[in-house]
Amino acid sequence: MTVNLDCEKANAVSIADCMSAVDEIREMAFRGLQQMFRANDRLFIYRLIRSGPETVPQGLGFRYTAMTVIGLSGEGDAIVRKVLGGLRLHDICRRLVKDIHSVENMGDVALTLWACHAAGFLEREETIKRLIELKPDTRDFPTVEMAWALDALTLEHSSQVAELKKNIARRLLQSFNQQTGVFPHVVGDSYKGFRAHVSCFADMVYPIHALSNFSRLAGDAQALDAAERCAGQICRLQGAAGQWWWHYDYRTGDVVEGYPVYSVHQDAMAPMALFALEEAGGSNHRESIAKGLNWIYRPAEVSEPLLDHGADLIWRKVGRREPKKAARYIQAAASRLHPSIRVPGMNRIFRADLIDFEDRPYHLGWVLFAWSRQRIAKLKATP
């Protein structure tokens, strides 16, 4: 498999070098999402996996559908209808909110509200009510879900959520370790055990995105500062080949375990967070964005790109050859004993050269969100 893209250059360090790659990934996202949508259910599937020469769909993804709606909301009506088999985003939003009163997962409710806003769907009252009922301002929740709630509420200007929005932002900021530049895995005191000090990359990028947007809306300098510090930390630790590493120590800010490296972090989640920071008045991290995107085409660990043009998919990750999550558990346990302890020889014991041949719709949705038509136009106008 070969791809003739400027971003393949080993020394590509600018967004301008990678714009043809961005165009290619966007087109692949549209074609991939067409395979993943189920019109009868009005939902996207959970994932596609490679099985021999075929790709096999599995399950349905409520959360992934909401994320994909957010990504598609910046696209033209014709391409949206093509992806959705003639349906509109409002049709999908109506499906998402149909039983929202009984949804227990706060992250799903928050993403549904965000998706409704993004798509301009006005029937949001029940979703807002359900989000308030789940009490994200007082209960313990995963950091990523708190960030999604803040992003959704940042778009909601009704007076009934004004205090809730501020309280969620305050809780995220109180949980942030200003000395290490790292957010915890859970906001609150309920997360215990030998991995309680470990945060993941998603725990960094979603708060960066949400707090950047909140700071732009509310003029909150503290929110922008936390997003700035966290972004600086992950960029300082970025791998030599552009890898965005997976697990971090909340106490020190150091990497606990780097693998797996996820494609969605490289081409979508890091860009969407770092662009949001820049657009809110924060630092420009475009070189790090370009390096991360370059890894998709030139992964240091394997001999082939993560893009599969034959399948119109972007494979999920490069991970270790290991029993289930062994390396991350081993390093978490070791670093729990002392922040400086790591088990040596992990790259020799569990080689990081295994491609996970699956793709999920939220990945392609976040690609479209990170590299929206509007953002691309601005980037091309002011490289």
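Predicted model: local features only at pLDDT ≥ 70, side-chain atom pairs only at ≥ 80, totals over all residues.

Mentor: Residues are numbered from 1 along each chain as its sequence is written, and side-chain values use heavy atoms, with hydrogens and water left out.

Trainee: How many bridges join β2 to β3?
Mentor: Strands here are DSSP runs of E with at least two residues, helices are runs of H or I with at least four, and both are numbered from the N terminus. Two strands pair if DSSP finds at least two bridges between them. β3 covers residues 54-60 and runs antiparallel to β2, and the bridges joining them number six.

Trainee: Which residue in the turn between β2 and β3 has a positive phi?
Mentor: The two strands form a hairpin with two residues between them. Within the pairing, I45 stands opposite L60. The turn residue with a phi of about 65 degrees is G52.

Trainee: Which residue is the bridge partner of F37 in β2?
Mentor: β1 (residues 37-38) is joined to β2 (residues 43-51) by two bridges, antiparallel. They form a hairpin with four residues between them, and R42 in the turn has a positive phi of about 55 degrees. The partner of F37 is F44.

Trainee: Which residue in β14 stands opposite L48?
Mentor: β2 is also joined to β14, by two bridges, and the strands run antiparallel. Opposite L48 stands D359.

Trainee: What is the strand order in the open sheet of three strands?
Mentor: β9 (261-262) and β13 (354-356) are the edge strands, each pairing on one side only. β9 is joined to β12 (residues 317-319) by two antiparallel bridges, with Y262 opposite K317. The order is β9-β12-β13.

Trainee: Why do α9 and α10 count as roughly antiparallel?
Mentor: Axes are lines fitted to C-alpha atoms over the stretch in contact, with angles from 0 to 180 degrees between N-to-C directions. Angles under 35 degrees count as roughly parallel, over 145 as roughly antiparallel, 65 to 115 as roughly perpendicular and the rest as oblique. The axes of α9 (residues 202-218) and α10 (residues 221-236) come within 8 Å and cross at roughly 150 degrees. The pair is therefore roughly antiparallel.

Trainee: What is the volume of the largest pocket?
Mentor: On a 1 Å grid over the protein atoms alone, a pocket is an open set with protein on both sides within 12 Å along at least five of seven lines; a cavity is a set of points where a 1.4 Å probe fits but cannot get out; lining residues have an atom within 4 Å of a point. Points are joined across faces, edges and corners, and a volume is the space filled by probe spheres set on them. The lining has 39 residues, with W246, Y262, R316, K325 and R328 nearest the centre. The volume is about 1100 Å³.

Trainee: Which helix gives the largest share of the lining of the second largest pocket?
Mentor: That pocket holds about 670 Å³. Its lining has 22 residues, with L155, R216, F369, Q374 and R375 nearest the centre. The largest share, four residues, comes from α9.

Trainee: Which residues line the largest cavity?
Mentor: The count is one cavity of 30 Å³ or more. About 50 Å³ of space lies in the largest cavity. β14 (358-359) and α15 (361-370) each give two or more residues to its lining. The lining is V264, R316, E358, D359, R360, Y362 and H363.
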